[in-house]
Each structure stands twice: as structure tokens, then as C-alpha cells.
Amino acid sequence: MQQFFNFLVKYKYFLLFMLLEFFALFFTIQSHSFHKSIFVNSSNQFTGAVLNKIDTFRTYFNLTSENKSLLEENTFLKNKLAHFYTEDTLQKEKSTYHNNLKFKYISAKVIRNEFTKPNNYLTINKGEKDSVFSNIGAVNEKGVIGIVNHSSKNYATLISILNQNLKINVKLKHTDYFGSLVWDGVNYNVLQVIDIPRQAEFIIGDTIVTGGQSTIFPEGIPVGKILDIKIENDRYVKIEVKLFNDMSAIGHVYLIINPHKNEIKILEDNNNE
Amino acid sequence: MNNAFFKYGFLFVILILLQVAVFNNISLFGYAQPMFYILFIFLYPITQRKSLFLFLAFLLGLSIDFFSNSGGMNAAATLFIAYIRLPILKAISRKLEFDKDLFNFNNLTFNKQFSYLFILTFVHHFIIFQLSYFKFSALGLVLINTLFSSIFTFVLLLIYSGLFLKKTR
């Protein structure tokens, strides 16, 4: 026993070091699995409030470009609306119209953006108060941004598409060939689409959009343009995609809430049992 | 509650805020991200209690992790350099009798100061990037990131020491 205590006293710094290092590595490993970083994340009240304060200062410098992009989007939406009114919507039955309204959008502001790390996260100023929970997709006018992975009362963190732990279902526009959007961590403008079948016909410059096979993103949200095509094996090709978005300058995002998500999930879970 | 308590407490908070508000938003050439907060490890006196120092280093890293959603990688790296700080210093100063109380960093030659700062910075950044890529196949990327970022942080540390540290020599 005496020897044991001597051992403890002799190596107390080393033991303290090992203990703390164990905790640090534990949190690190957890952060690498999607949804499991329960403890260390910036969506909690304190860090959220601090980041919000910092962002209010920074926003002043971006006002012009922010206004410009909002104006552009307004024009785009107005044009879309004008096109929509050419159909006689009154002829449609009200009930079917409501059922088609599958997704609801709410806007949020990015108070912290990240794009240089191998695994990037964003923090936004909407939380559970605004019915933002995990597994909600975030987009802006140019394309996909990420998926909510944590939310507190007033804030939430997004797992960016620039994150090696995230896979998003995408497809080639105007076809039904699906693949997965991933990131290799090298260039923040270029992502990769894997698992596209070799028989799919496409050329460099074609558009990649979201696939709509998940309940998170609706179909047809733009992602990027094909930059390069690599043959991976005899069945699949790998595509390099240049994003439409500039991930280094993200101001406002729209969160896509799918009111039918729970219904779909319950249905699918029943099948798996 | 002595003077040192407030001095280093203040430094602790200021470094976290600086890192979160300024340096986390900087990235030169897409590779170099400064991690200036490790200045704390260099400034904290070696005569103070070692257990408290290890704990503070852990807490400093973890605070940065909270703001940058990085799990515990800053905590792991900062704690590690805090632990190896003294052995590295002993090895570099090449003294047979190393007396903590009499030791003065300014008495070291410039080369020794230089290598002490750079070794710890490099080790810290290497651990961070290795943990954030989290696979051995990315070693090339890790090394590029580590090298560029270390140089960036190192330059900032040199600027700081040029501006604020009193020259006793």
C-alpha cells in the first residue's frame, strides 16, 4: 500500500496529464461521429451569445454585399412568382395545393462561419425556440450549406458540407442517377460526388442538385457544376464538383423544415423492423 | 488572490477572445491558421504549481474547442505542450543542474529561445491537425497545414515578444 502511494506521489503530474489527456481525446473522438458530440459544441447559450456579439461587429463590414445578394434573390423569387401566376391557381383544389406544400422555410443568420478546417461547422442565431432541431437542412440562394446537428434555445450549429463526416444525397440534374456528396478536405470550393454509376451520361459543366431521397433536403436544390470526372472502378465514377456557393462568405441561410419528416421516419422504421 | 492570479487570469480570457474573434477567422493561402492562444503556455511562469498549470492548459484548449466545435483537440494539444514544456526547456538549455527558481529565459541564446518556441508550436499544431484529419493517410496535408500554421503563429509570437516583452539583457 505504501508503495502504491509512493507511486502516486512520484507520478502525480504524469497521472494528472494522462487523465486530462484522456478526456480531451474522448471529446475529440466523439466529435468525429455525427451527432455524438454532446458536450463540446458552440450551440450552447454562453458561446452562442459571445459569437453573436462578435458577429454584430463584423456584420457592418458586409452590409453592402449582403444587401446585394438579398436583392438578387428577391428578383429571382419575384420572377418565379410571376411565372407561377400565369397558371390559374384558383382552378386547383385547395386540399391538393396544401399537400404539395411539403417544406417550410425559415431564415437564419450565420454568426460564425468556418471553411478552412478539415471538419467545419457553422453557428446560426436560430434555435429550438424557432423550432430548429437537429437534422434540418440549411441552404441559401446559391445552394446547399449544411445540416443542423445541435440546437439550444436560441442557437444551433450546422455541420457544413465542408465536413468529412457528412454525406448528402445528390443527383445529376434532369436524370435519376444518384450519388453521395462528400468532401476530401482539400479545397473549399471543390467537393466530390461518389457512387455515380458509370453508365450515367453527363459532361463537364453539368449541374449537380440535391437528390430528394432524404427527408432533409427537397429535390433540386443546386449544389455545383461538374469540374472533372475520374473513373473510380469498373462500376462507379467519382466527380469533382465546383460549388455555386462561396463557402467563405455565408451571411444568411434558409432552414428547410419538413413537416412530414416524423411521419416518413415512422413509416420507414416500421419497414426495418 | 495575488497579483499573478489576476495577471494570468486576464491573459487567459483575453487570449481566448482574441483567438475566437480574430485568429479563428484568419487563414492565409488556405493552409495557415494562427493559434496565438498558446502564448499562455510560454508566458506562464515555470515556478508556479505544475498541477494548476496542466489544468489551466487543458481548460484553455477546451474553451477554444467550445467555440470552434472541435471536440477536444485543442485541449489535447495544449495540455501536451504544457506537459513537455519543462523537459524541452531542460533539454534545450543543456544544463546539468536545472534550477527552476534561478532560471531566466532571457539568458538563453537567441537560437535556443527560437528552437524552444518553434518546437512547442510545431508539436501543438501537428497534434491539432492530426486529430482534426483523424487519419494517417492525410499525413501530407497534416504536415503542410502544420508547417504553414506554425510559421504564422511563430511570427505572431515573435511580434508579441518584440512589442511587449521587456529586454533584460
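Two strands count as paired if DSSP finds at least two bridges between them, and the strands and helices themselves are DSSP runs (strands E, at least two residues; helices H or I, at least four), numbered from the N terminus. The model on screen is predicted: local features need pLDDT of at least 70, side-chain atom pairs count only at pLDDT 80 or more, and totals for chains, interfaces and linings use all residues. Residues are numbered from 1 along each chain as its sequence is written, chains are lettered from A and ligands numbered from 1 in the order in which they are written, and side-chain values use heavy atoms, with hydrogens and water left out.

**Stop 1: the barrel**

Select strand β4 (residues 143-151) and strand β5 (residues 156-163) of chain A. These strands pair in the antiparallel sense over 5 bridges.

Now extend the selection to the whole barrel. In chain A, 6 strands close in the order β1-β2-β5-β4-β3-β12, with antiparallel pairing. Neighbouring strands of this sheet are turned by 45 degrees against each other on average, direction ignored; the axes are lines fitted to C-alpha atoms, and angles run from 0 to 180 degrees between N-to-C directions.

**Stop 2: β3 and its two partners**

Select β3 (residues 137-140) of chain A. A:Gly137 and A:Val139 point one way from this strand, A:Ala138 and A:Asn140 point the other way, and all are buried. Buried means under 20% relative accessible area, exposed over 50%, and partly exposed in between (1.4 Å probe, protein chains only). In a regular strand the side chains alternate between the two faces of the sheet.

On one side, β3(A) pairs with β4(A) in the antiparallel sense over 4 bridges. A hairpin joins the two through 2 residues, and A:Asn140 stands opposite A:Gly143 in β4(A).

**Stop 3**

Select A:Ser180, in strand β7 (residues 178-182) of chain A. A:Ser180 counts as buried because its relative accessibility is 18%. Beyond its neighbours within four places in sequence, its contacts (heavy atoms within 4.5 Å) include A:Lys167, A:Ile168, A:Val170 and A:Asp195.

Move to A:Asp195, which lies in strand β8 (residues 190-197) of chain A. Its phi is near 65 degrees, a positive value in a residue other than glycine. With a relative accessible area of 33%, A:Asp195 is partly exposed.

Then select A:His174, in the loop between β6 (168-172) and β7 of chain A. Its phi, near 70 degrees, is also positive in a residue other than glycine. A:His174 counts as exposed, at 74% relative accessibility.

**Stop 4: helix α5**

Select residues 261-272 of chain A, helix α5. The helix has 12 residues and reaches 17 Å from its first C-alpha to its last, close to the 16 Å expected, where the expected span is 1.5 Å times one less than the number of residues. α5(A) is hardly covered: the count of buried residues among its 12 residues is 1.

**Stop 5: the contact of chains A and B**

Show both chains. The contact takes 32 residues from chain B and 38 residues from chain A. About 3100 Å² is buried between them, 69% of it from carbon and sulfur atoms; buried area is the accessible area (1.4 Å probe) that two parts lose on being put together, summed over both. In chain B, select B:Phe66, B:Phe67 and B:Asn69, which lose the most area to chain A, together 23% of what that side buries.
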